Amino acid sequence: MINKELFSTEPDTSKVRVTDSFWKNRMEIVRTKVLPYEWEALNDRIEGASTSHAVENFKIAAELTKKGLVGKNDKGTTKTEGAQAVDTGEGGFKGFVFQDSDIAKWLEAIAYTLTWHKDSDLEKTADEVIDLVCAAQQEDGYLDTFYIINGIDKKWTDLKNNHELYCFGHMLEAAVAYYQATGKDKLLNAMKKYADYIDSMFGPEAEKRHGYPGHEEAELALVKLYNVTKEEKYLNLAKYFIDERGKEPNYFTEECKERGEKIPTIEDLAYHQAHKPVREQEAAIGHAVRAVYLYTAMADVAKLTEDKGLMDACERLWKDVTRRQMYITGSIGSSHLGEAFTFDYDLPNDAVYGETCAAIGLAFFAKRMLGIAPKGEYGDVLEKVLYNGILSGISLDGTRFFYVNPLEVVPYKNHMDARFRHVKTERQKWFGCACCPPNIARITADLGSYISSSNDKAFYTHLPIGADSEATIAGVKVEVSVTGNYPWDGDIEVKINPETPVSFTYGIRIPSWCDSFTAEFNGEKLNASLNDGYLLVNREFKKGDVLKLSLSMETKIIEADSRVHADHGKITVMRGPVVYCLEEADNGRDLYLLSLDADASFKVSKETELGGINALYTTGYREVKKEDDRLYRPAGAIEFEKTKLKFIPYYAWNNRGEGEMTVWVQRKS
Ligand SMILES: [Zn+2]
């Protein structure tokens, strides 16, 4: 059943050591600042931050379980509107129904951290949390604090809204990661037990429920459980959840009827990607995080089960997301109504949503697609979203977070106008719905698994991030070390050191933004071909081989497709994979009056501010304001004054206080 042909390449994170000057520092910030800070937040010990109650919920659930009072302390409030926090008072569940997942993602981030830094304090805290989580588990394996506290007899009655399978998936991901990082199997065994229980409840058999997660996540987690246990029932359950989604009779509709509630509209089902079977879905639709978590699992299952139909659906949805519904920063899901995709080319910069989690989910999807076939476009999107739409979600010091990632902010507008109120003008200490902060911690801590992948015949570098990797290729241990100063310059050195001479293919992605490059192998010019965006070197490698690659990295002025209304008449600036923006701190107020020639030239300046950046300087224009007591008047000539413009990397915006920011600038000529 397992597909050997499609099973292309796999990363082995335990054998990747990130050394990169740009990312290593961020990973250290996650270890030393973000994870301890998040622990305080999850325990509600940060003054002025939104409350979490996530640890407290587990404590209450564990206590009820210990005292045998589960089901006897029914608070009677298991009905939610899905995306609203509940507060059932003293001793009751507080927060969102998916609050457990914040703990899970935080645990998972610790697990990844432990693979590159044996931090005994973090491990000790994680072990204690695992004991607490396991103490809340029920005899049959069930583990969801919302229902354990508020009414266990109601479990599985509202898959559409109440996130049980989502929380299960996140805790399962944490369990697998923690086991792989530490060899400790307490949480893995607990979650395996829960998975077995879920497998006994859901499936094609007549006596089982024919449901699936209201928020996709369990699917991709079950694939991880399959990967670590090799027990096919877990892969089959993931596949079942994927294939059952959107089938008639629609499970969510039937479930609503059973609860005596109004049946969902087609839009409501589409929000959950459950309006039709996934293989028939033409376009990315609905809640963006749900969608990309689903597509990630679809790609996993397509690869492992040799499912061409599912793979075609993944490619179709990939193209729809990345060619018609993605911001230049890699952010997706443009509407705050439903945190959702809307329609093709609808990418407003100010009323944007662009949830950090959705960007992270797109990175998951890209990684899975790269695992199937190393194609340049997957790597291009992966690096775009990593350096821009994901990184913008966290402050440089690791203690403030964006949930929504705007590409244009005028603070007074956001404060005055309810239509923009979802867009925060400054990163927040925490959120009542705090899905994003632990998500950014776990992907940063796990960066090593995104850089490269290998199989028995090949090694691919998808991102030229500094790292030492080890792989076994054709039975020979091979070390691959990448060094450079990405994303600030394009000179990359790759040292390839096999234990004994061995023939294989080494591939490195040439980014689509790069117009020209030169390559040398052991000091001699290399004339190698590009294949799907990868430079491929097929040869016998021996100890001490060195590939030097020089990517031309010019500052580029970019325009959007004419169909993107929001960017019409505007341009923006990129250098390498980094998207730039203008901030008030550098360029004054009223950024909307600034304009730029499309052939402007830039000075690149290495600066120590904002954690060390390349700032870009150029000359642009500021339109002279015409203000009098007439709201409207006959059109007259426009005057411009030349002005110096300073662009900084978009990810680094809002680290110097509140102010205006824009990614897109008026095009002067
Ligand atoms: Zn989120």
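Helix axes are lines fitted to C-alpha atoms over the stretch in contact, and angles run from 0 to 180 degrees between N-to-C directions. Helices (H or I, at least four residues) and strands (E, at least two) are DSSP runs, numbered from the N terminus. This is a predicted model: local features need pLDDT of at least 70, side-chain atom pairs count only at pLDDT 80 or more, and totals for chains, interfaces and linings use all residues. Residues are numbered from 1 along each chain as its sequence is written.

**Exercise 1.** Describe how helix H2 packs on helix H4.

*Solution.* 
- Step 1. Locate the helices: H2 covers residues 54–66 and H4 covers residues 120–135.
- Step 2. Take the geometry. The axes lie 8 Å apart, at an angle of about 50°.
- Step 3. Classify the angle. H2 is therefore oblique to H4. (Angles under 35 degrees count as roughly parallel, over 145 as roughly antiparallel, 65 to 115 as roughly perpendicular and the rest as oblique.)
- Step 4. The H2 and H4 crossing is left-handed (the near helix is turned anticlockwise from the far one by less than a right angle; clockwise would be right-handed).
- Step 5. List the residues in contact (C-beta atoms, placed from the backbone, within 7 Å). Phe58, Lys59, Ala62, Thr65 and Lys66 of H2 meet Leu132, Val133 and Ala135 of H4.
- Step 6. Sort them by class: five are nonpolar, one is polar and two are charged. (Ala, Val, Leu, Ile, Met, Phe, Trp, Tyr, Cys and Pro count as nonpolar, Asp, Glu, Lys and Arg as charged, and the others, Gly among them, as polar.)

**Exercise 2.** Describe where domain 2 touches domain 4.

*Solution.* 
- Step 1. Find the bounds. An automatic or database domain assignment gives domain 2 as 277–446 and domain 4 as 555–667.
- Step 2. Their C-alpha centres are 24 Å apart.
- Step 3. Count the contacts: 22 residues of domain 2 touch 24 residues of domain 4.
- Step 4. Name the elements. On the domain 2 side, helix H16 (376–390) and strand E4 (408–409) each supply at least two residues. H16 gives the most, with four residues.
- Step 5. Sort that side by class: 11 nonpolar, six polar and five charged residues.

Note on methods:
Two residues are in contact if their C-beta atoms, placed from the backbone, lie within 7 Å.
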